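Please read these notes alongside the sequence and the model.

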Amino acid sequence: MAEENLTINNNELTPKKNVTVARSESFGPLKFRKSCGEILLSRLQKFTAPEQSGYVGFANLPNQVHRKSVKKGFEFTLMVVGESGLGKSTLVNSLFLTDLYPERHIHTASEKITQTVKIDASTVEIEERGVKLRLTVVDTPGFGDSLNSQDCFKPIIQYIDSQFERYLEDESGLNRRHIIDNRVHCCFYFINPSGHGLRPLDISFMKAVHHKVNIVPVIAKSDTLTLQECTQLKRKVMTQIAENGINLYALPDCDEDEDEDYREQCRLLKEAVPFAVIGANTVIEVKGKKVRGRMYPWGVVEVENPDHCDFIKLRTMLITHMQDLQEVTQEVHYENFRAEKLAGGGSVPKKSRKPRNEDAYNEMMEPESQTADLSEREKQLVEKEQELRRMQEMIAKMQAEMNQKNTPQKMQQNGEVKSQNV
């Protein structure tokens with residue numbers, strides 16, 4: 001029976017084609033041409049083909065980071081602050097070629113009297129050449145519109161702090177892989193062109209927020225000013241900012257190995273602060289060419305023309321330094337908030353952005369400031385030592401009280417034992 005089963009299986013497994021099978025005696029003279037190690041070595045030699053001698057391959061690491069970043073996408077939060085009617089929403093739509101405010105309610109004069117500041121956050125995902133950007137625009141309708149604008153910027157500060165606190169909770173939690181970064185990375189502050197400089201509200205707001213967010217001043221509706229008036233207004237605004245000690249977002253310095261065009265671009269961007277911009281979403285045909293701009297009886301103002309306004313410079317600054325804005329928010333503003341939060345709300349020395357050259361930074365530091373930092377550290381150490389001494393004294397007192405309570409009980413127990421023995 002066993003032999004029959006074997007023959008049946010053999011018949012089932014044999015292919016229909018005629019196959020000639022050699023005898024076992026013919027396998028004797030056959031030999032392997034290559035060993036397993038030689039086959040693996042040949043495959044490796046085909047796989048690794050170095051371009052030149054001494055080439056390892058870690059020069060491709062930036063390409064790996066690029067692929068991973070493109071796959072993950074980017075996040076950016078932009079806050080716009082200013083009076084109503086200065087063209088904030090129009091400028092944002094012009095910057096990113098989107099329509100973030102399709103249905104916008106314009107308040108009347110009677111409604112503005114009792115209007116309070118609101119926080120309106122709009123999120124949109126933009127994709128350009130395979131790169132995804134999750135853009136969040138935070139608008140503040142009602143800022144400076146009411147008669148009493150003394151505390152109108154408190155909701156804005158609360159929103160910035162709440163986003164910092166939310167990020168801190170997510171960072172301290174268990175699941176830290178997918179943290180959504182909703183921190184405010186940049187703030188466009190719109191200045192009224194007819195105000196002849198900064199108002200007290202502008203100065204108080206910037207002084208209250210400049211250590212929490214990167215401020216970029218913007219002169220709105222600059223087409224209402226002549227070139228001379230625009231230049232004078234820029235100088236006056238920068239003078240007032242310097243007098244009040246307001247820290248604006250400082251563009252990073254160029255390295256020595258950067259090309260000349262990039263250096264010139266950075267120089268022009270630094271000179272253009274505050275940016276005088278014009279926003280428009282309508283397309284007008286001028287000399288057979290379609291441009292975005294505004295039509296006036298005396299001509300056409302082109303938004304993307306550097307000779308007419310600083311719109312191109314503002315967009316270039318925002319796009320080319322978007323990563324730097326996020327790094328300053330993470331390393332300076334968020335770290336200051338985190339230090340204050342972990343210290344229990346106490347006063348913590350603020351961090352400031354250091355220049356890229358550490359030697360230049362050490363030279364810029366005055367000895368008085370260094371001694372002040374040392375004195376503050378010494379004070380903190382002395383306070384901690386005093387607290388430790390108080391804790392040790394409290395522990396010693398508690399131990400003495402416990403010993404006093406335990407001694408009479410022991411005496412009573414010993415007395416009972418002695419009486420029993422007698």
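1. Angles under 35 degrees count as roughly parallel, over 145 as roughly antiparallel, 65 to 115 as roughly perpendicular and the rest as oblique. Axes are lines fitted to C-alpha atoms, for helices over the stretch in contact, and angles run from 0 to 180 degrees between N-to-C directions. Helices (H or I, at least four residues) and strands (E, at least two) are DSSP runs, numbered from the N terminus.

2. This is a predicted model, in which local features need pLDDT of at least 70 and side-chain atom pairs count only at pLDDT 80 or more, while totals for chains, interfaces and linings use all residues. Residues are numbered from 1 along each chain as its sequence is written, and side-chain values use heavy atoms, with hydrogens and water left out.

3. The average pLDDT (the predictor's confidence in each residue, from 0 to 100) of the protein chain is 75, and 70% of the residues score at least 70. Residues 1–33 stay under 50 in pLDDT; for them the model has 2 contacts (heavy atoms within 4.5 Å) beyond four places in sequence. Residues 356–361 also stay under 50, with 5 contacts beyond four places in sequence. Where pLDDT is low, the predicted coordinates should not be read in detail.

4. How do helices α4 and α10 cross? The axes of α4 (residues 88–96) and α10 (residues 311–320) come within 11 Å and cross at roughly 65 degrees. The two helices are therefore roughly perpendicular to each other. On the α4 side the contact involves L91, S94, L95 and F96, which meet F311, L314, R315 and L318 of α10. These residues divide into 6 nonpolar, 1 polar and 1 charged, where Ala, Val, Leu, Ile, Met, Phe, Trp, Tyr, Cys and Pro count as nonpolar, Asp, Glu, Lys and Arg as charged, and the others, Gly among them, as polar.

5. From α6 they are D161, F164, E165, Y167, L168 and E171; from α11 they are T329, Q330, H333, Y334, F337, R338 and K341.

6. Which strands stand at the edges of the sheet of 6 strands? The sheet is open, with order β2-β3-β1-β4-β5-β6 and mixed pairing (two strands pair if DSSP finds at least two bridges between them). β2 (120–128) and β6 (275–276) are at the edges with a single partner strand each, so one side of each is left without a neighbour in the sheet. β2 pairs with β3 (residues 131–139) in the antiparallel sense over 9 bridges, and I126 stands opposite L133 in β3.

7. Another open sheet has 3 strands in the order β7-β8-β9, with antiparallel pairing. Its edge strands are β7 and β9, each pairing on one side only, and the twist averages 70 degrees from one strand to the next. Strand β7 (residues 283–286) is joined to β8 (residues 289–296) by 4 bridges, with I284 opposite V291. In their hairpin, which has 2 residues between the strands, K287 takes a positive phi near 55 degrees.

8. β8 is also joined by 4 bridges to β9 (residues 299–302), and a hairpin connects the two through 2 residues. In β9, G299 is the bridge partner of Y296 and E302 that of G293.
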